[in-house]
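Me: I'd like to go through a structure with you, one feature at a time. Could you take a look at this?

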Amino acid sequence: MVWQPMANPYLVVEHLTKVYERGQVLALRDLSFAVEKGEFLVVIGLSGSGKSTLLRCINRLIEPTSGKIWLDGVDVTRLSQARMRRVRRRIGMIFQQFNLVDRSTAIGNVLTGRLGYLPGWRALLGWFPKEDREKALANLERVGLRDKAYVRVDQLSGGQRQRVGIARALMQDPEVLLADEPVSALDPATSHSIMQYLEQMNRHDGATVIASLHFLSLARRYGTRIIALKDGQLVFDGPPNAIDNAKFKEIYGEDAEEVEVR
Amino acid sequence: MSGESAAVVGSASGDRLAVLARRALSFFLDWMVWGYVAYCVMYLLNHYWYTVHVDWWGTLTLPSWGWPLVVLATLELAVWCRSLGRSLGQRAIGVAFQDAAGGRITVGRRLGRILLWHISVPLFAVGFWRGWDPWHDRVVGVGLRPISPDPERPGRRALATQWGMVALFLGALTLWVGWLIIGINFQVLARRAAQTRRIWGEMLRPDFRYFTAPDPVFSLRALSYSILDLAVVTVFMALMATILGAVIAFPLSFLGARNVMGFSPPGWAAYGIVRGFFNVFRSIETIIWGSIFAVWVGYGTTLAGILALTVHTVAALGKLYSEQVEGVSPGPLEAVWAAGGSRVQVVRHAVIPQVLPSFWAFTLYRWDINVRMSTVIALVGGGGIGDMLFYYKNQGDWPKVGAVVIVIVAIVWAMDYISGRLRERIA
């Protein structure tokens, strides 16, 4: 796949390669693509195809081996750790396993989304400003969990936990939202409700969303554009309706059957 | 075991050194088993010579040819055990003698192997480096190969196999020799029961005269304390040592946790130093710390006791805390990191909320231990109620000892109960 320059790309990934030291595993091989502001980009591919690695390279939770990532004209791969943290606070992230502190309350978890904006000593003491607390409650209200604000997270259901995760990402006022298989641990009905929150953040708040998904039907329904990875390489880049049966078999292998999520 | 899998194993064990190591190690283990048996036999011979024989002052000594004989005999026994069936050494390494196809070998071949071993080993005609197997094994067509349990053929009962019988024999021998080595004599329990009965009788009529009133005996040491005074001192000694220890161990535990310190060289250094400190200071018991601090800050002072308890508490709690920190789920750490948090913020907002309940539980448990330790730390000059206990004991004032013991039991029981209930609430 040849990468063609865009009119005004917001996020550009250039020749991104990631090699895991042990076992010489090539997780990403020379990956190049660009994302425009306000896109809802869905990354599809089999387990182990490099989706998670790609998302984590963008906010450098994983250090890329080579290649460049330009975000809003800044090469994030060359930033120092301190500068990177300032970039990261504008990049929200939602995780497959929610990554919440189970023993903490919902609002306690949501407030951690604000940590990047808090001076060191306040964060150390856990003294969040009043505005942040109000903002946290407002965001919980937005995901329909205002009444669960002071409930411990381990008392919540899977869908509710992911909504806490979304509220935490909302605290960052994110310009980019990375969603790493946000609905893989959820049932189909809950999946749609979570995806609708992502869609809302994309349309309403103008966040550029990059989500990795397992189900092609979800990708078609919510994505404005789809890229597909196979063994760390880009095998498809285009609009959702361009994935026909032949393309599907190429991405997921000959034996794959498409499963519909309603 | 099927021939097919043996072929796979054979090609996988291409490393000549591994084959050699497998042989040497299993042989050494077999030899040592019989070496241990020889040691036990010598011990038993000596023991019964010494105690039973008329010539009771003499010690059994071996003639000059005795030791070479022992070495040769143990070697011989090891070879027989290895060839005829599966020996303990082979079982420990997980190997067995098989033919080229990986099947079982006949008794004739086994005997042939023993015979040829006696030719090839003394002549050094082993020829390791010409093939995978030594000369005597190649001639009879067997080899020492790693085996896995064959699902087709259920194993025989352990006691029907060679290793089972040898293991049972070794166990019995160990019990026999062990009994003689520690030389305990339970008859004493019955013979001296009368003396103890007197002490028990006196202790069970406790003398609570000095429960609240200071005992004038201690005025000789310019001190005046009652049982209650020292009981309170002991409880607070344990409490202060636990709090101090926990406060010091808390920050250290993050330095001693692999996942928090990362993998940079300074991180490794801090981790190594802190973990080393925990391990060294924890392996020195509180009683030993007590005797050190008693010399340092004064014998019989509360400070010595508190310092001893604190040092051991720091090391023990630090290790427990660190292991909890290392066991946290990495998800929340990743989330705080992704939201732009610093390393300190990750610890504060992702690690601490996860570990705090177990930290509390460990601290309460340690308080429990410290209360028990603080009652005996006086034995080495650490102060507290034990001071009184050992003074009265040395005086033979058993009714007062009884009173102190009852107070100690009450304290320990109460603390046990309280910390147990609190831990229940936390978990």
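Me: How many residues does helix H10 of chain B have, and how far does H10(B) reach from its first C-alpha to its last?

Reply: Helix H10(B), residues 227–255, has 29 residues and reaches 42 Å, close to the 42 Å expected at 1.5 Å a residue. The expected span is 1.5 Å times one less than the number of residues. Helices here are DSSP runs of H or I with at least four residues, strands are runs of E with at least two, and both are numbered from the N terminus.

Me: What are the ground rules for the model and the numbering?

Reply: This is a predicted model, in which local features need pLDDT of at least 70 and side-chain atom pairs count only at pLDDT 80 or more, while totals for chains, interfaces and linings use all residues. Residues are numbered from 1 along each chain as its sequence is written, and chains are lettered from A and ligands numbered from 1 in the order in which they are written.

Me: Back to H10(B). Where is the kink?

Reply: The kink lies at Ala249(B), shortly before the proline Pro251(B), and is about 30°. The bend at a residue is the angle between axes fitted to the seven residues ending there and the seven starting there.

Me: What does the secondary structure of chain B come to?

Reply: Chain B has 18 helices and two strands. Of its 427 residues, 33% count as buried. Buried means that 20 or more other C-beta atoms lie within 10 Å of the residue's own, exposed means 12 or fewer, and partly exposed is in between, with C-beta atoms placed from the backbone.

Me: Where is Val41(B), and how far is it from Asp387(B)?

Reply: Val41(B) is in helix H2 of chain B, residues 16–51. Its C-alpha is separated by 48 Å from that of Asp387(B), 346 residues apart along the chain. Val41(B) counts as partly exposed because it has 13 other C-beta atoms within 10 Å.

Me: Switching to chain A. How many helices and strands?

Reply: Chain A has nine helices and 10 strands. Buried residues make up 43% of its 262 residues.

Me: What radius of gyration would a compact globule of 262 residues have?

Reply: It would be near 18 Å, and chain A has 18 Å, so the two agree. That is taken over C-alpha atoms, and the globule rule is 2.2 Å times the number of residues to the power 0.38. The C-alpha atoms of chain A fill a box of roughly 50 × 45 × 40 Å along the principal axes.

Me: Which residues of H5(A) are buried?

Reply: Lys135(A), Ala136(A), Asn139(A) and Leu140(A). They cover an arc of only 135° around the axis, so they sit on the same side of H5(A). The arc is that of the directions from the helix axis to the C-beta atoms. On the other side, Lys130(A), Glu131(A) and Glu134(A) are exposed.

Me: What covers the buried ones?

Reply: The cover includes H3 and helix H6 (158–170) of chain A.

Me: And how many residues of H6(A) are buried?

Reply: 10 of its 13 residues are buried, so H6(A) is mostly covered. Among them are Arg161(A), Arg163(A) and Arg168(A). The buried residues of H6(A) pack against S6, H3, H5, strand S7 (176–180) and helix H7 (188–203) of chain A.

Me: Last topic. How many residues does each chain put into the contact?

Reply: Chain A gives 23 residues and chain B gives 19. Helix H2 (81–88) and helix H4 (120–125) of chain A each supply at least two residues of the side that touches chain B. Two residues are in contact if their C-beta atoms, placed from the backbone, lie within 7 Å.

Me: How do the residues on the chain A side divide?

Reply: Into eight nonpolar, 10 polar and five charged. Ala, Val, Leu, Ile, Met, Phe, Trp, Tyr, Cys and Pro count as nonpolar, Asp, Glu, Lys and Arg as charged, and the others, Gly among them, as polar.
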